[in-house]
Amino acid sequence: MVKLVAIYRKPEDVEAFDKHYFEVHAPLAEKMPGLIKMEVSKVIGAPGGESDLHLIAEMYFESKDALLEALSSPEGRAAGKDLRGFAGPIISMHIAELV
């Protein structure tokens with residue numbers, strides 16, 4: 001199993017970001033074919049105090065091929081287009097394999 005991990009740094013306008021993320025982006029992402037589950041965590045700090053991160057989203061797929069297929073689907077392309085529009089400069093994305 002693999003997961004797509006999206007790490008979002010703190011946006012300038014947290015309230016507007018959260019509204020768009022939870023009302024528009026997450027519902028788009030949840031439509032991707034082959035998605036097993038999606039978990040979103042709000043970062044509340046770091047062991048040393050503050051963190052510059054805001055959210056971490058993890059999307060689980062059966063395999064890397066299933067993940068790549070989902071990203072290239074119409075639903076995946078729609079989610080990607082939306083993502084670039086509202087979070088492009090504050091996001092990093094990674095593919096991780098569960099061990």
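This is a predicted model: local features need pLDDT of at least 70, side-chain atom pairs count only at pLDDT 80 or more; totals for chains, interfaces and linings use all residues.

Residues are numbered from 1 along each chain as its sequence is written, and side-chain values use heavy atoms, with hydrogens and water left out.

An unreviewed UniProt entry places the feature "domain: EthD" at residues 11-88. Over residues 11-88 the chain is 50% helix and 19% strand, with its end C-alpha atoms 11 Å apart. Helices (H or I, at least four residues) and strands (E, at least two) are DSSP runs, numbered from the N terminus.

Helix H1 (14-29) bends by about 40° at Tyr-21, the angle being taken between axes fitted to the seven residues ending there and the seven starting there. Tyr-21 is also buried, as are Phe-17, Asp-18, His-25, Ala-26 and Ala-29 of H1; buried means under 20% relative accessible area with a 1.4 Å probe, protein chains only. The cover over these residues includes E1, strand E2 (37-42), E3 and H3.

His-25 turns up again in the largest pocket: among its 16 lining residues, His-25, Leu-4, Met-59, Leu-83 and Met-93 lie nearest the centre. Strand E1 (2-9), H1, strand E3 (53-61) and helix H3 (74-87) each give two or more residues to this lining, and H3 gives the most, with four.

Notes: UniProt positions are given in the numbering used here, feature names are shortened, and annotations may be inferred rather than shown by experiment. On a 1 Å grid over the protein atoms alone, a cavity is a set of points where a 1.4 Å probe fits but cannot get out, and a pocket is an open set with protein on both sides within 12 Å along at least five of seven lines; lining residues have an atom within 4 Å of a point. Buried means under 20% relative accessible area, exposed over 50%, partly exposed in between (1.4 Å probe, protein chains only). Contact means heavy atoms within 4.5 Å.
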